[in-house]
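Hi there,

Here is the structure I promised to pass on to you. Have a look at it first, and then read my notes below.

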Amino acid sequence: MAEGLKIEIVSPERLLVSQTVQSVSVPGTEGYFTVMADHAPFMTTLRPGFITVTGDNSAEIFFVRGGFADVSPTGLTILAEESVPFTEFDHSDLQAQIKAAEEELARAETPEDKSYAQQFVSALLNLAMEAQQLNEGHVH
């Protein structure tokens, strides 16, 4: 069995993580999934959410706004559209995005536009609840 899982989280701005860990929980578009050493290879897209990187005695959390996850025999590579450590996550920006999305929903005229806008508002509200739960469980 392998010594651990090699993880890299890369955003356009920087390399956030490059280390060997026990496991990683990732927000896939179809739901969260966990990767450990010797995981079967696959590739998937990511939705906005929080990545939890678990080492021997600690866990680090990172916000990711979309991207790709590639699980291979050599480890897990996350190519993020945007990613920051949870300690740098901008809660006020998220609230502003929610307000703007709700205004867009109110202006939507066609059933298709309303449906799309409602899904977007719901996704942002879920992200806000998730961030609040993480915030309550961690000291910053």
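The C-alpha centres of domain 1 and domain 2 lie 23 Å apart. The domain assignment places domain 1 at residues 5–87 and domain 2 at 90–138; such bounds come from an automatic or database assignment.

Before going on: this is a predicted model, where local features need pLDDT of at least 70 and side-chain atom pairs count only at pLDDT 80 or more, while totals for chains, interfaces and linings use all residues. Residues are numbered from 1 along each chain as its sequence is written, and side-chain values use heavy atoms, leaving out hydrogens and water.

How do the domains meet? Nine residues of domain 1 are in contact (heavy atoms within 4.5 Å) with nine residues of domain 2. Together the two domains bury about 680 Å², 69% of it on carbon and sulfur atoms; buried area is the accessible area (1.4 Å probe) that two parts lose on being put together, summed over both. On the domain 1 side, Phe50, Ile61 and Phe86 lose the most area to domain 2, together 63% of what that side buries.

How many salt bridges cross this interface? The rule, a side-chain nitrogen of Lys or Arg within 4 Å of a carboxyl oxygen of Asp or Glu, finds zero between domain 1 and domain 2.

One more residue to look up is Met36. Met36 is partly exposed, with a relative accessible area of 49% (buried is under 20%, exposed over 50%, partly exposed in between; 1.4 Å probe, protein chains only). Gly75 is 39 residues from Met36 in sequence, yet their C-alpha atoms are 8.7 Å apart in space.

Enjoy exploring!
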